[in-house]
Amino acid sequence: MYSQALDQRDVQRADSQREAGESPDRLARFQARVEAEEKIEPNDWMPEAYRRTLVRQISQHAHSEIVGMGPEGNWITRAPSLRRKAALLAKVQDECGHGVYLYAAAETLGVSREELVDQLLTGRAKYSSIFNYPTLSWADIGAIGWLVDGAAIMNQIPLCRCSYGPYARAMIRVCKEESFHQRQGYEIMVTLCRGTAAQRAMAQDALDRWWWPVLMMFGPPDAESQHSDQSMRWKIKRFTNDGLRQKFVDATVPQARYLGLAIPDPDLRFDEAAGHWLTGPIDWAEFRRVLAGGGVCNRQRLEARRRAQQDGAWVRDAARAYAAKHAAPAREAA
Ligand code: FAQ
């Protein structure tokens with residue numbers, strides 16, 4: 001505890017020293033680099049608020065990938081065939097890999113993985129609201145791949161052009177893998193929708209439960225988004241939350257129609273003049289409730305992460321002991 005308090009004071013001192021070097025000239029030069037589409041790299045000078053925004057977004061993204069393994073991991077032992085099991089196992093392992101790339105990208109900004117994980121486990125950092133919903137049937141695995149990964153791709157393709165180099169590069173690989181995830185989910189839905197009446201009903205039930213929470217993945221409406229304006233100026237984000245949500249709806253409604261499924265929105269209509277599918281109102285009170293910890297699975301998801309942290313303590317201890325053992329002779333030789 002004592003050393004953590006010291007570390008925290010050191011971090012705050014380093015932050016204010018960095019902020020002290022932010023002259024208007026320096027800030028303008030930084031903004032000009034961003035405008036010129038130059039990538040900002042870890043050793044480059046950057047405004048403290050830019051660094052903090054990236055740490056916040058990248059770490060919350062990493063937490064989402066790791067927490068997001070839970071809902072689908074729940075179905076690995078119950079996948080209906082060996083082929084489905086192999087694909088789901090690979091997908092869940094990919095999500096873990098995404099979390100690891102993202103923690104590594106966040107670490108390039110001078111924050112330790114231990115601190116980031118601690119922020120998650122103590123409830124100081126968020127993760128995506130979508131992972132607080134339960135997976136009740138096999139069709140949910142199809143719906144997650146189709147809709148959740150579909151939404152993740154829509155949000156993450158523009159992040160491949162993020163101004164911060166390590167995040168942008170991590171996103172390129174992540175998006176390739178997400179695209180396989182989306183395909184495997186949609187293929188599960190196609191199979192169910194071509195199956196028996198009971199299978200079609202299971203697919204419809206999954207769409208009914210996941211549709212609205214997936215729309216909330218894109219974040220609050222633009223008028224209420226605290227960070228969008230500044231993140232767009234810094235070219236961290238390239239589109240607003242509502243802009244990406246609209247792109248997702250436009251891409252997904254025809255996919256649902258192909259499946260013969262009904263989007264659970266009586267107000268959904270195509271606006272000919274705008275060329276967009278317009279949805280009815282989103283229940284933002286539910287979004288706020290889930291963010292505040294009141295979703296069906298919030299407690300279960302965090303408990304799973306805390307248990308994993310405890311169960312993995314011996315692995316971290318062993319890795320530290322191994323590193324110390326090998327560092328000692330190297331130090332002596334030097
Ligand atoms: N859930 O001002 P804004 C995936 C928070 S990965 C929870 O609009 P911003 C792969 C936001 O953090 C899914 N919190 O914020 C997968 C902020 O709180 P703060 C994750 C949310 O950052 C698939 C506050 O509300 N993807 O699915 C949510 O400009 C299948 C105000 O919001 C990413 O993280 C939410 N839905 O825009 C894995 C992508 N929305 O930090 C397993 C990267 C907003 O001030 C299985 N992130 N908040 O305390 C982003 O693009 C952005 O951070 C947004 C939010 C768009 C999520």
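Reply: The largest pocket is lined by 45 residues, and Gln60, Ser128, Met217, Phe218 and Gly219 are those nearest its centre; a pocket here is an open set of points, on a 1 Å grid over the protein atoms alone, where a 1.4 Å probe fits and protein lies on both sides within 12 Å along at least five of seven lines, and lining residues have an atom within 4 Å of a point. The model is predicted, so that local features need pLDDT of at least 70 and side-chain atom pairs count only at pLDDT 80 or more, while totals for chains, interfaces and linings use all residues. Residues are numbered from 1 along each chain as its sequence is written, and side-chain values use heavy atoms, with hydrogens and water left out.

H7 contributes most to this lining, with seven residues, and the pocket holds about 1200 Å³ of space, a volume being the space filled by probe spheres set on the grid points, which are joined across faces, edges and corners. The ligand sits in this largest pocket, meaning that more than half of its atoms lie within 2 Å of the pocket's grid points.

Around the ligand are 36 residues, the closest being Lys126, Ser225, His227, Lys237 and Asn241, where near means a heavy atom within 4 Å. A polar side-chain atom of Arg56 lies 2.9 Å from a ligand oxygen, and an N or O atom in the side chain of Gln60 is 3.0 Å from an oxygen atom of the ligand.

Note on methods
A polar contact is a pair of N or O atoms within 3.5 Å; within protein, one must be able to donate a hydrogen and the other to accept it, and residues adjacent in sequence count only if both atoms are side-chain atoms. Helices (H or I, at least four residues) and strands (E, at least two) are DSSP runs, numbered from the N terminus.
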